[in-house]
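Here is a friendly walk through one protein model, with pockets, packing and strand pairing in view. Have a look at the structure first, and then we can go through it together.

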Amino acid sequence: MRKSIVHTILVLIIIFCQFPLLAEPEAALEPITITVQKGETLSLISERHLSDPKRWPELLKYNKIPNPDLIKPGLSLVVPVFLRKSVVGVTEFVMGQVEWNGTGGRGPWVPLKLGQELHPNDQIKTNGKGKTDIHINQVGMVRILNNSHFEVKGEMKKGGPVTVALFKGSLDAKVTKSNPPTTEHKFNIVSPSSTAGVRGTEFRVELDEKLSSTISCFEGVVDVNAQGKTVELTQGMATFVEKGKSPVQPYKIPEAPRIKEE
């Protein structure tokens, strides 16, 4: 009898210890309060903050606003969890001139703030010596270097790898290794000339003026694909992909630097 009670208690302890871990992704998303800025329209607000912009009537109803014409500068709106875009990551460091666009590049650009939540289709531009570090959930850290244009795409399919796009410039990334190790990619970087699939590693992607890409692996493994050909990069190796062509045979780089947090 006593052994049975002890066994039951141990089982309950294990269940309750695991429960917060299972609940963590849902708990991360909370309602937010926004203040309507000059020049913002209901359409722009819906595009920036709602998972489906067409659900703007629900946003008005939730805030007890009877008429869209009442959306004016200075008005506070609460965006509930059930209407919000999913959060892919957050900015951890911002230096210099860095801009954010929450409408897939269509609306106005505004200065990127420290702690800014990032959602699918959010874009970032760094100008001059500007750069920013972003933490991507379940992936790791991405550093967007100067004179770059970047987009967070998120999971292209549920449970799949997180995807980002680099349109211009360069980025460094430090992707957390999977435990236990896996051959599945957890992070994809798409550029005009190649796609880099990552498991857990430190690496760099650089685009030149012709949008050809150089991918360097500082640690771990990166699979680089273009025009139906894939090459595997291991520590201290790199490849070059001319736009419209396949990756060249991997070659050794002089030094494999370590990516340090700012």
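Let us begin at the second largest pocket, which is lined by 21 residues, with R48, H49, W100, K113 and Q116 lying nearest its centre. A pocket here is an open set of points on a 1 Å grid over the protein atoms alone, where a 1.4 Å probe fits and protein lies on both sides within 12 Å along at least five of seven lines; lining residues have an atom within 4 Å of a point. The elements that give two or more residues to this lining are β1 (32-35), α2 (42-49) and β4 (110-111). Helices (H or I, at least four residues) and strands (E, at least two) are DSSP runs, numbered from the N terminus.

This is a predicted model: local features need pLDDT of at least 70, side-chain atom pairs count only at pLDDT 80 or more, and totals for chains, interfaces and linings use all residues. Residues are numbered from 1 along each chain as its sequence is written, and side-chain values use heavy atoms, with hydrogens and water left out.

Which element gives the largest share of the pocket lining? That is α2, with four residues. Six of the eight residues of α2 are buried, so this helix is largely enclosed by the rest of the structure. Buried means under 20% relative accessible area, with a 1.4 Å probe and protein chains only. The buried set is L42, L44, I45, S46, R48 and H49, and these residues pack against β1, α3 (56-62), β2 (76-79), β3 (89-101) and β4.

Now for the nonpolar cores, meaning sets of buried Ala, Val, Leu, Ile, Met, Phe, Trp, Tyr and Cys residues joined through side-chain atoms within 4.5 Å.

| Core | Size | Residues included |
|---|---|---|
| Largest core | 34 residues | F187 and F203, with the most contacts inside it |
| Second, separate core | twelve residues | I34, V36, I65 and L83 among them |

Leaving aside residues up to four places away in sequence, F187 touches partners including I136, V139, V142, P161 and F203; contact means heavy atoms within 4.5 Å.

Finally, strands β15 (residues 221-226) and β16 (residues 229-234) pair in the antiparallel sense over six bridges. Two strands pair if DSSP finds at least two bridges between them. D223 stands opposite E232 in β16. The two strands form a hairpin with two residues between them, and Q227 in the turn has a positive phi of about 55°.

Terms used:
Buried means under 20% relative accessible area, exposed over 50%, partly exposed in between (1.4 Å probe, protein chains only).
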